[in-house]
Every structure is written in C-alpha cells, then in structure tokens.
Amino acid sequence: MGVFVNDRDLFLEFLDEGSVLIGAGSKVFQGRSEFAKWPLNPPGIEARNVMFYPLYTNRPDEVTVVGTYLLSGPCIHGTVNQRVTTSLKKVDGKWIIRLSHFSNEWPMGKPGTSSQPAAEPPAPKRLQLRTEDGLAFVNPDDIVYAESSGKRCVLHFRDRTLPVNLLLRKLCDQLPDQFVRTSRFYVVNVLYVQGVGKDGIVFSTGEKLSVPERRIKEIQVEIGSAVTRAFR
C-alpha cells in the first residue's frame with residue numbers, strides 16, 4: 001500500500017520501464033520513470049480493511065495478486081471501496097510488476113450525507129432469469145458461483161441461493177469474462193476466489209469447491225488469466 005501512504009520508494013522497487021499501471025480514474029503510467037514523476041497524494045489518505053491474496057499459476061516465475069481495501073481522506077468524497085489486481089513476473093531473481101490495475105468497486109457515502117464520487121462506473125448489465133416464481137433480475141457481480149442441478153442450475157450468492165430454470169451451459173453464455181467454467185457442474189466468479197490448491201477452490205465467503213488434483217494447475221492458470229482479463 002505504499003502508493004497511498006506516500007512511501008513511493010517501496011512501490012518503485014517493483015517497477016521497471018516495462019511496467020504498466022492503470023489508475024482508478026483510467027490514468028495510465030507507462031514505466032517506472034513516468035510513475036515517479038506523478039505528484040504524491042495529499043497527507044491524510046487512509047486505507048482500511050486491507051486484504052491481499054495471490055492467485056497461483058503453474059509457473060514459479062509468475063503470480064497474480066488481488067487486493068481490496070476502503071480508501072478515504074482528502075480529495076475523496078466519502079469512502080471508496082477499491083480493488084487492485086497486479087500481475088508480477090520474476091526477472092533476474094527480482095519480482096517486477098507487469099500490469100497493475102486499480103478500480104473503484106462502489107461508493108460508500110459518509111453517514112448522514114448523500115455525497116458520491118464525481119464519476120461512478122456504469123451499472124453492470126443485469127441478467128433476466130426465469131425461476132419457479134417468475135422472473136429474477138440478477139447482477140452477475142453478485143454471483144459467487146453457479147452449479148448444475150439437472151435441467152436447472154443454482155446460483156450461489158454471499159447470503160442466499162437461487163434456483164433458475166436454465167442449463168448451466170446456457171447461463172455461461174450470458175456471463176461476463178470474470179467467470180470460469182471449472183467443470184461440467186460449476187462456473188465460478190474469479191472475483192470471489194481466494195485461492196486454488198489441494199483444498200479445492202476457496203472463496204472469500206468461506207465456501208469451498210473440490211477440484212480433482214490432476215486439474216489444480218490447469219484451473220489455477222484459467223482463474224489467473226480471467227482475473228487479468230477482467231481488469232484490462
């Protein structure tokens with residue numbers, strides 16, 4: 001988090017002239033020297049609830065790291081939930097950032113106020129899905145994973161499940177790039193994946209899905225690629 005506490009040297013250690021940084025406001029920095037010229041944040045910027053986790057690949061010299069945090073302070077309206085996705089590669093024994101993308105997840109106004117950031121990201125397209133009770137309108141970002149259940153599938157959210165009258169393969173055709181089909185029975189939202197290993201796919205919600213040991217490395221690569229693709 002050296003970017004926000006103004007410990008620029010800490011962050012610059014991981015950059016070279018091939019590094020690309022994309023800010024939450026779509027500002028793009030091409031290389032270490034360009035980022036080093038950018039003005040420091042004003043004093044008082046605070047990052048809270050910071051959590052980082054790696055998405056491992058089958059290459060010992062590459063890794064993708066995802067971080068989430070709450071950002072507040074001068075020049076920020078209220079509190080903003082941000083996510084950073086960073087792909088690193090080991091070059092001559094040293095880890096170097098190849099691509100780092102910062103994105104605003106959603107605005108959180110101060111209690112008792114209606115302040116919002118000046119520009120909010122466009123609302124994601126909602127899915128229109130048939131259920132036993134009629135129609136359900138679902139934000140795909142809210143789906144943790146979906147599983148096949150006969151001729152239907154079940155959507156799993158952080159706090160509930162929703163059976164829908166749709167084959168899993170038909171659902172996959174409607175889902176954005178952040179979803180990966182890990183087997184005939186499951187499709188997962190990589191934004192909730194905390195790790196993939198012998199314990200299976202571990203979600204930030206605490207849930208787990210088992211994975212055949214022979215497919216662990218393959219799924220690690222697929223999920224790591226999807227995370228990078230989703231934030232380009």
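Student: How many residues lie between β7 and β8 in their hairpin?

Tutor: There are 2 residues between β7 and β8 in that hairpin. Keep in mind as we go that this is a predicted model.

Student: Which sense of pairing do β7 and β8 show, parallel or antiparallel?

Tutor: The general idea first: strands of a sheet pair through backbone hydrogen bonds, either parallel or antiparallel. Here, β7 (residues 127–131) and β8 (residues 134–138) pair in the antiparallel sense, with 5 bridges.

Student: Which residues of β7 are on its covered face, and which on its uncovered one?

Tutor: In a regular strand the side chains alternate between the two faces of the sheet. In β7, L127, L129 and T131 make up the covered face, while Q128 and R130 make up the uncovered one.

Student: What is the strand order in the open sheet of 3 strands?

Tutor: The order is β14-β15-β16, and the pairing is antiparallel. At the edges are β14 (193–197) and β16 (208–209), each of which pairs on one side only. Between β14 and β15 (residues 200–203) there are 4 bridges, and V193 has F203 in β15 as its bridge partner.

Student: Which residues have the most contacts inside the largest nonpolar core?

Tutor: That core has 20 residues, and those with the most contacts inside it are V188, V190, V193, V196, I201, F203 and I223. Two or more residues each come from β14, β15 and α4 (216–230), with α4 giving the largest share, 5 residues. Another core, of 17 residues, lies apart from this one; A136, V164, F179 and V187 are among its members.

Student: What about the backbone: what is the phi of D92?

Tutor: D92 has a positive phi of about 55 degrees, although this residue is not a glycine. Look for D92 in the loop between β5 (79–91) and β6 (94–108).

Student: And why does D92 count as exposed?

Tutor: D92 counts as exposed because its relative accessibility is 82%, and the cut-off is over 50%.

How values were computed: Residues are numbered from 1 along each chain as its sequence is written. This is a predicted model: local features need pLDDT of at least 70, side-chain atom pairs count only at pLDDT 80 or more; totals for chains, interfaces and linings use all residues. Side-chain values use heavy atoms; hydrogens and water are left out. Buried means under 20% relative accessible area, exposed over 50%, partly exposed in between (1.4 Å probe, protein chains only). Two strands pair if DSSP finds at least two bridges between them. A nonpolar core is a set of buried Ala, Val, Leu, Ile, Met, Phe, Trp, Tyr and Cys residues joined through side-chain atoms within 4.5 Å.
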